[in-house]
Amino acid sequence: MSTETIIKAAEAARAAIVANESEIEHLDRAIGDGDHFINIRRGADTIIALAPELDGKTPSEALKAIAMKLMSTIGGASGPLISSFFLAASKTEGIDAPWTAETVARLTEDGVAAIQKRGKAGLGHKTMLDVLIPVAEALKAGAAAGEDAAALGARVVETAAAGKDSTRDLTAHYGRAAFLGERAIGTVDPGAMSSYVIIRAIVEAR
Ligand code: ADP
Ligand code: MG
């Protein structure tokens with residue numbers, strides 16, 4: 001069941017990435033090198049193409065297989081970061097038990113911590129983490145409070161949108177946009193945009 005959930009999420013993410021191609025592409029052209037759309041679409045394609053192999057695997061096995069495959073398929077700075085999310089998620093406590101809101105909160109928290117560890121960036125550094133860190137916190141708080149799924153989903157989407165918007169007024173400290181200094185101000189970070197688009201799609205597909 002949960003391995004199916006992973007595939008379903010990847011399919012929702014892929015559709016949303018493609019639907020927002022020009023927006024994501026435009027942002028990475030403006031403050032990066034323009035390949036972010038290609039990188040994340042390739043990531044989603046890789047997971048979907050892996051689906052037959054994942055069938056029958058436990059979530060921990062499936063997430064680990066995805067991490068390994070993503071490492072060699074997504075390029076750029078985001079490849080190893082996204083791969084580390086999946087590898088950490090594969091080791092999350094209780095990942096092979098039926099998934100609850102707590103499981104999703106825990107795997108997100110572990111995955112986001114791994115991205116921070118790998119990339120050394122944090123909140124306010126104009127990266128995908130400006131979406132992912134607050135979303136992980138919102139999930140954790142909502143799951144702990146026993147918030148119902150619809151309310152938690154809405155809160156997560158709102159939190160992701162606010163995090164994405166917050167990157168507009170920041171200067172970048174990591175990735176290619178860091179070379180632009182003040183000139184990156186006024187443009188939303190592409191990784192924050194794609195994270196928002198993906199999270200919204202996953203919540204809506206649930
Ligand atoms: P590249 O920068 O190598 O072209 P991508 O275009 O695929 O790779 O990804 C760029 C995105 O990766 C940025 O918009 C940012 O959100 C994210 N990013 C870059 N460096 C880091 C980092 N150290 N920690 C977290 N996210 C990062
Ligand atoms: Mg790029």
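**Exercise 1. In which helix does Met71 lie?**

Solution. The structure is a predicted model, in which local features need pLDDT of at least 70, side-chain atom pairs count only at pLDDT 80 or more, and totals for chains, interfaces and linings use all residues. Residues are numbered from 1 along each chain as its sequence is written, chains are lettered from A and ligands numbered from 1 in the order in which they are written, and side-chain values use heavy atoms, with hydrogens and water left out.

Step 1. Met71 lies in helix H4. Helices (H or I, at least four residues) and strands (E, at least two) are DSSP runs, numbered from the N terminus.

Step 2. The relative accessible area of Met71 is 41%, and the residue is partly exposed. Buried means under 20% relative accessible area, exposed means over 50%, and partly exposed lies in between (1.4 Å probe, protein chains only).

Step 3. From Met71 to Ile82 there are eleven residues in sequence and 8.1 Å in space, C-alpha to C-alpha.

Step 4. Met68 is also placed in helix H4. Met68 is partly exposed at 47%. Met68 and Pro80 are twelve residues apart in sequence, with 9.8 Å between their C-alpha atoms.

**Exercise 2. Determine which residues coordinate the magnesium ion (ligand 2), and describe their surroundings.**

Solution. Step 1. Asp28, Asp33 and Asp35 each coordinate the ion through OD, at 2.0 to 2.5 Å. Donors are N, O and S atoms within 2.8 Å of the metal (3.2 Å for Na, K and Ca); water is not among the atoms, so sites may look incomplete.

Step 2. Along the sequence, the spacing of these donor residues is D-x4-D-x1-D.

Step 3. Asp28 is buried, at 7% relative accessibility. Asp35 is partly exposed at 25%, and Asp33 is partly exposed at 39%.

**Exercise 3. How many salt bridges does the structure hold, and which parts does the pair Asp33 and Arg176 tie together?**

Solution. Step 1. The structure holds seven salt bridges. A salt bridge is a side-chain nitrogen of Lys or Arg within 4 Å of a carboxyl oxygen of Asp or Glu.

Step 2. One of them joins Asp33 and Arg176, whose closest N and O atoms are 2.8 Å apart. Asp33 lies in the loop between helix H2 (21–31) and helix H3 (36–54), and Arg176 lies in the loop between helix H8 (149–166) and helix H9 (190–205), so the pair ties together parts that are 143 residues apart in sequence.

Step 3. Asp45 and Arg41 form a salt bridge with an N to O distance of 4.0 Å. The two residues are four residues apart in helix H3 and are therefore separated by about one helical turn. Asp45 is partly exposed at 28%, and Arg41 is partly exposed at 27%. Arg14, Arg41 and Asp45 are linked in a network of salt bridges.

Step 4. Asp165 and Lys164 also meet in a salt bridge, at 2.9 Å from N to O. Asp165 is partly exposed at 32%, whereas Lys164 is buried at 12%.

**Exercise 4. Identify the residues of the positive surface patch, and then examine Lys120.**

Solution. Step 1. The patch is formed by Lys64, Lys91, Lys117 and Lys120. Patches are made of residues with over 30% relative accessible area and no salt bridge; like charges are joined within 9 Å, and nonpolar side chains (Val, Leu, Ile, Met, Phe, Trp, Tyr) within 5 Å.

Step 2. Lys64 belongs to helix H4 (residues 59–73) and is partly exposed at 43%.

Step 3. Lys120 is located in the loop between helix H6 (101–119) and helix H7 (129–144). Lys120 is exposed, at 58% relative accessibility. Although Lys120 is not a glycine, its phi is positive, at about 65°.

**Exercise 5. Is Lys126 buried or exposed?**

Solution. Step 1. Lys126 lies in the loop between H6 and H7. Lys126 has a positive phi of about 60° and is not a glycine.

Step 2. With a relative accessible area of 1%, Lys126 is buried.

**Exercise 6. Locate Ile24 and state how far it is from Pro190.**

Solution. Step 1. Ile24 is in helix H2 and is buried, at 0% relative accessibility.

Step 2. Ile24 and Pro190 are 166 residues apart in sequence, while their C-alpha atoms are 5.7 Å apart in space.

Methods: Accessible areas come from the Shrake-Rupley method with a 1.4 Å probe; for residues, only the protein chains shown count as cover. Lys and Arg count as positive and Asp and Glu as negative; His and the chain ends are not counted. The place of a charge is taken as NZ of Lys, CZ of Arg, CG of Asp or CD of Glu.
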